[in-house]
Amino acid sequence: MINTYQDYFDTLGFRESSSIPGGVQNYDTENAFGFIGKYQFGEAALFDLGYYGIDQSDSNLFRNNWTGNWSGKNGINSKQDYFNNGTVQEIIVRDWHNMLWSRIKFLELDKYEGQILNDQPITASGMLAAAHLIGAGSRSSDTAGLKGYLLSGAVFSPEDANGTSANDYMQVFTGFQTPFVVDHNIAEIIEGGSGRDILSGFGGDDTLIGNDAIDAAIYSSQSADYILEKHTDDVWTISHKNSGTDGTDTIVNIERIQFSDNSVALDLDGHAGQTAKLIGAVFGAESVLNKQFVGIGLRFLDDGTSYETLMQLAITAALGVDAVNHTAVVNLLYENIAGFTPSAAEETRFVALLDSGTHTVASLGILAAETGLNQDNINLVGLSQTGLEYF
Ligand SMILES: [Ca+2]
Ligand SMILES: [Ca+2]
Ligand SMILES: [Ca+2]
Ligand SMILES: [Ca+2]
């Protein structure tokens with residue numbers, strides 16, 4: 001189903017004044033804060049649009065007491081005229097959205113279209129609705145309005161007087177068509193916040209900054225079409241081969257790259273490293289190339305499962321009912337790390353660590369995973385330069 005721009009205004013009228021598409025239209029409603037009509041306009045917006053108080057007859061446009069003069073634009077000379085004229089209200093709301101989009105562009109917020117910030121998809125229609133709710137924001141403030149919401153990476157969500165938040169409207173108004181088009185084929189700097197962000201620069205040489213949490217950069221073509229280069233632990237470049245349209249992007253504090261065919265984890269000093277070491281110890285070094293295995297491990301860790309809990313799950317998956325058999329556990333880990341079965345004395349020594357409770361199965365697994373031998377087996381140093389592929 002396509003959600004048209006008309007559907008957007010139908011939804012906005014319902015949210016703002018309980019107007020029913022094709023049914024009752026509450027053009028003459030006023031709420032406790034003095035916001036009026038189907039779309040709940042205040043004095044400031046109607047001033048900006050040339051309808052109210054433009055002769056400076058109202059000294060405070062943020063107190064909606066409507067004591068000032070009306071301009072007569074489109075025949076509206078009073079609040080009552082406004083209440084009586086639904087046709088003009090429909091014109092006003094569309095003109096207002098043109099103005100809101102101009103402000104969104106002026107504040108350079110349009111670049112957020114197509115990003116996923118703190119797990120919330122950001123769309124043009126969602127930005128318009130949030131700007132209608134709490135304002136687009138201003139040059140001088142990094143915390144107010146839609147700008148404040150987006151600059152926080154959709155973590156801080158300002159509310160209107162009724163307690164409806166920017167994020168509420170971003171969710172309700174996601175994915176409606178609008179007349180506004182964003183040109184992403186330019187160099188953009190897009191920054192996420194403390195949540196999990198999925199960023200895309202699209203065309204051009206972009207800079208994507210993930211900041212805290214596990215963040216991803218997303219690309220439209222398959223991984224073989226790009227060259228990945230590490231500069232520091234936190235800074236990589238991704239170049240689209242053969243002068244491809246995606247350009248050369250710089251990514252900062254981003255831990256995952258999603259291509260069309262598979263993904264790459266870059267945090268070999270974090271969850272990707274733990275996953276690779278765990279797989280090497282429990283399933284053998286060659287299994288680090290198993291993209292499904294890597295993907296399963298990363299999802300567990302990224303979703304908050306501890307290294308130790310995941311180690312227990314992996315050993316159980318590898319050994320089945322034998323996962324409680326200390327000799328079987330020791331032999332599994334030893335063979336994967338050393339490449340040969342333990343001597344009787346070695347086996348006895350390690351089994352005693354489990355029998356005595358000095359180690360749990362999981363903590364012995366981590367001890368094995370963290371050995372230099374295991375890290376050499378899986379080529380952790382090499383992986384940290386190339387990233388770790390996964391599905
Ligand atoms: Ca771009
Ligand atoms: Ca990050
Ligand atoms: Ca982030
Ligand atoms: Ca790009």
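1. Two strands are taken to pair if DSSP finds at least two bridges between them. In this predicted model, three bridges join β3 to β5, the strand of residues 207-209, and the two run parallel. Within this pairing, E191 stands opposite I209 of β5.

2. The pair β3 and β5 belongs to an open sheet of five strands, whose order is β3-β5-β9-β8-β7 and whose pairing is mixed. Because β3 (189-191) and β7 (226-230) stand at the edges and each has a single partner strand, one side of each is left without a neighbour in the sheet. From one strand to the next, the twist averages 15°.

3. Turning to the nonpolar packing, the largest nonpolar core comprises 95 residues, and those with the most contacts inside it are M127, A130 and L146. Helix α5, which covers residues 124-134, gives the most to this core, contributing eight residues. In soluble globular proteins, nonpolar side chains tend to be buried together.

4. Which residues is M127 in contact with, leaving aside its neighbours within four places in sequence? They are I104, L109, E113, I122 and L146, and L146 is itself listed with M127 among the residues that have the most contacts inside the core.

5. Helix α12, residues 344-355, has twelve residues and reaches 16 Å from its first C-alpha to its last, which is close to the 16 Å expected at 1.5 Å a residue. The residue G357, which follows α12, has a positive phi, near 85°.

Key:
Residues are numbered from 1 along each chain as its sequence is written. Chains are lettered from A and ligands numbered from 1 in the order in which they are written. This is a predicted model: local features need pLDDT of at least 70, side-chain atom pairs count only at pLDDT 80 or more; totals for chains, interfaces and linings use all residues. Helices (H or I, at least four residues) and strands (E, at least two) are DSSP runs, numbered from the N terminus. Axes are lines fitted to C-alpha atoms, for helices over the stretch in contact, and angles run from 0 to 180 degrees between N-to-C directions. A nonpolar core is a set of buried Ala, Val, Leu, Ile, Met, Phe, Trp, Tyr and Cys residues joined through C-beta atoms within 7 Å. A residue is buried if 20 or more other C-beta atoms lie within 10 Å of its own, exposed if 12 or fewer, and partly exposed in between; C-beta atoms are placed from the backbone. Two residues are in contact if their C-beta atoms, placed from the backbone, lie within 7 Å. The expected span of a helix is 1.5 Å times one less than its number of residues.
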